[in-house]
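Hello,

Here is the structure I promised to pass on. My notes on what was found follow below.

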Amino acid sequence: MEAKIQIPPVTLYNTRTREKEEFKPLKPPYVGIYVCGPTVYSDPHLGHARAAVVFDVLRRYLTSMGYKVRFVSNITDVGHLEGDADEGEDKIQKRARLEQLEPMEIAQHYTRVYNNAMAKLNVIPPNIQPHATCHIPEQIELVQTILDKGFAYVVNGSVYFDVPKYAQKYEYGVLSGRRLEELESVTRELRGVEEKKHPADFALWKKAPPTHIMKWKSPWSVGFPGWHLECTVMNAKYLGIPFDIHGGGMDLIFPHHECEIMQAVAAWDTEPVRYWMHNNLITIDGQKMSKSLGNFITIEQVFTGEHERLSKAHHPMALRVLILQTHYRSVIDFSDSGLASAEKAYKRLVQALKKLETLEFIGGKTDSSKEDKIIKHINNFYEFMSDDLNTARAIAQLFDLTSIINQLANEGKSVQTVSPEIGEILKRQYSHTLVDILGILPEDEHLDTSRLHAVLQILINLRQEARKHKNFQLADRIRDQLREIGIILRDTPYGTEWELE
Ligand SMILES: [Zn+2]
């Protein structure tokens, strides 16, 4: 790193202590990060995009500082029941039943959809992406440990975590601030309390009803693990307990993350995580995103523009910029116009990068105030990034730099007002901060992949419409001509998919 550039120590807001704290890894230079991944039963939506981009930038930033990061993010393919509680049907199994498919087909399909969306958003794949169903023996073992320690009980083949027993020895609600007494009044009416001794107790293992497809043998019954169990097991297996950073959306603080803490403390008498980080949620035009309000927007819909709230297909990087323009602990109110201005902002950032690459800094008539500004904006970038990952203010520094770069470009290819030394710093740092740290990919102006995807989708829809109107000649012509250029259309239960020959 150049002498003129300083990177301050990182501080992070820790949900556990409710304070910004200096980040000190437990075993430097290694850093373990775990982020709760998707439950793979439907298309990933804007909320998934936000969590993934936020923690991707955290990972990139720590890596750029020389830390060796192991990033683990799981795939929940069993145990996540409807309503996030201990009752109801498994989300994946329900989808499988409705679509007459194997649950694993559902999980496989949506894992692929999720990972494709992440690739388009330029999110680096996790070092490890473990599946819950691949860790059933470990989960059974953890249930047994918690039973042996006396913090769980068995009823009719199901195992529940004994929260009041836990609260006698350890503090309850350390992450969410909830108190056991409050919970008693709130959850008493919930269904399924009958087997539990206390409404705050939660399932570690559930005996499977006869119709249940995804089930495994255990010492207590043929059944399946509780949703919170997998994360504790995979934390411990791949990062060790305790580890540095656990992330996820704010909606996971309770009950999911609170239960993760209780499970680990009950089993190993130690809190599993040093820093808990939670990103805020996304609202759509001021409303909570939900399927019933019709404002539920999937990531792919942003890229194809196929949603009534969207005026056009948007570049994936526009979504990335939009996410980074808000601090991760604030709500993002998503709108089509907001996305359109993020797209303009993206173009401005990338065009400045291209201009900068063509400039040659020869000095001779150096303007020290201009040079100082360049160095100041770069240093400010790092200051804001280190201040609890304030990407909103950090990216604003890059916009200030684009103005300076545009001024410099007006001098012609040979820039005299900035010395070769400062010019080199500007070139290196602008590209490093934009591309390596914020993960904003410059792309060529000509047809990019996301637009190609959108064009293909238009053709697929036209073919669909032709078939609906019994114009099979036209439909076949679209399919055959696409095949001639190596694009195969396949009609599946999810609609028509395409693949390259
Ligand atoms: Zn989790």
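Which side chain does His 246 join in a polar contact of 2.8 Å? The partner is the side chain of Glu 260. A polar contact here is a pair of N or O atoms within 3.5 Å; within protein, one must be able to donate a hydrogen and the other to accept it, and residues adjacent in sequence count only if both atoms are side-chain atoms.

Before going on: this is a predicted model, where local features need pLDDT of at least 70 and side-chain atom pairs count only at pLDDT 80 or more, while totals for chains, interfaces and linings use all residues. Residues are numbered from 1 along each chain as its sequence is written, and side-chain values use heavy atoms, with hydrogens and water left out.

His 246 is buried because its relative accessibility is 0% (buried means under 20% relative accessible area, with a 1.4 Å probe and protein chains only). Leaving aside residues up to four places away in sequence, the residues that His 246 touches include Tyr 34, His 257 and Trp 276; contact means heavy atoms within 4.5 Å.

On a wider view, the domain assignment, which is automatic or from a database, gives domain 1 (26-279), domain 2 (283-437) and domain 3 (449-500). The C-alpha centres of domain 2 and domain 3 are 36 Å apart, and 9 residues of domain 2 are in contact with 5 residues of domain 3.

Enjoy exploring!

Technical notes
Buried means under 20% relative accessible area, exposed over 50%, partly exposed in between (1.4 Å probe, protein chains only).
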